[in-house]
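Hi,

Here is the structure I promised to pass on. Please open it first, then read my notes below.

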Amino acid sequence: MARRKAVVSIRECVACGCCIKVCPRNAISVPQGIYARIKEELCVGCGKCVKECPASIISLEVTE
C-alpha cells in the first residue's frame, strides 16, 4: 500500500520551526537549530508542514 511522507530539502532549510508548530504528530524536530528533520515513523503525510513552510522546501513523497 502506498504511503505519503514529508521530505525536507536540508540544504535549503533555515530551521525557522514553522513546520514544527503545525505537525499534529510531533514528527518534526530541528536538532541543534540546523535543519528540520522528519521522523518517518511518526509522519502520516498530512501535508500541513508543506503548506506552512515559508521557503517551500518541504514536499510529500509517495512510498511503497
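A disulfide needs the two sulfur atoms within 2.5 Å. Bear in mind that this is a predicted model.

**Cysteines**

The structure has zero disulfides. Cys-46 is not in one either; its nearest cysteine sulfur is that of Cys-23, 6.1 Å away. Cys-49 has 7% relative accessibility, so it counts as buried. Cys-46 is at 38% and therefore counts as partly exposed.

**Overall fold**

The protein chain has two helices and four strands. Their order along the sequence is β-α-β-β-α-β. The C-alpha trace spans about 35 × 20 × 20 Å along its principal axes. The radius of gyration is 11 Å, which agrees with the value near 11 Å for a compact globule of 64 residues. Of the contacts with a separation of 6 or more, 58% join residues 24 or more positions apart.

**Surface and core**

Buried residues account for 30% of the 64 in the protein chain. The accessible surface is about 4300 Å², and carbon and sulfur atoms hold 51% of that. The largest nonpolar core has 14 residues. Val-8, Ile-28 and Ile-58 touch the most other members of that core. Leaving out residues up to four places away in sequence, Val-8 touches Cys-13, Ala-36, Ile-38, Ile-57 and Ile-58.

**Salt bridge**

There is one salt bridge in the structure. Lys-5 pairs with Glu-40, and their closest N and O atoms are 3.4 Å apart. The pair links distant parts of the chain, 35 residues apart. Lys-5 sits in strand β1 (residues 3-8), while Glu-40 is in the loop between β3 (37-38) and α2. Lys-5 counts as buried because its relative accessible area is 15%. Glu-40, at 45%, is partly exposed.

**One more lysine**

Lys-51 belongs to helix α2 (residues 48-52). Is Lys-51 buried or exposed? Lys-51 counts as exposed, because its relative accessibility is 74%.

Over to you.

Terms used:
Residues are numbered from 1 along each chain as its sequence is written. This is a predicted model: local features need pLDDT of at least 70, side-chain atom pairs count only at pLDDT 80 or more; totals for chains, interfaces and linings use all residues. Side-chain values use heavy atoms; hydrogens and water are left out. Buried means under 20% relative accessible area, exposed over 50%, partly exposed in between (1.4 Å probe, protein chains only). A nonpolar core is a set of buried Ala, Val, Leu, Ile, Met, Phe, Trp, Tyr and Cys residues joined through side-chain atoms within 4.5 Å. Contact means heavy atoms within 4.5 Å. A salt bridge is a side-chain nitrogen of Lys or Arg within 4 Å of a carboxyl oxygen of Asp or Glu. The radius of gyration is taken over C-alpha atoms; the globule rule is 2.2 Å times the number of residues to the power 0.38. Accessible areas come from the Shrake-Rupley method with a 1.4 Å probe; for residues, only the protein chains shown count as cover.
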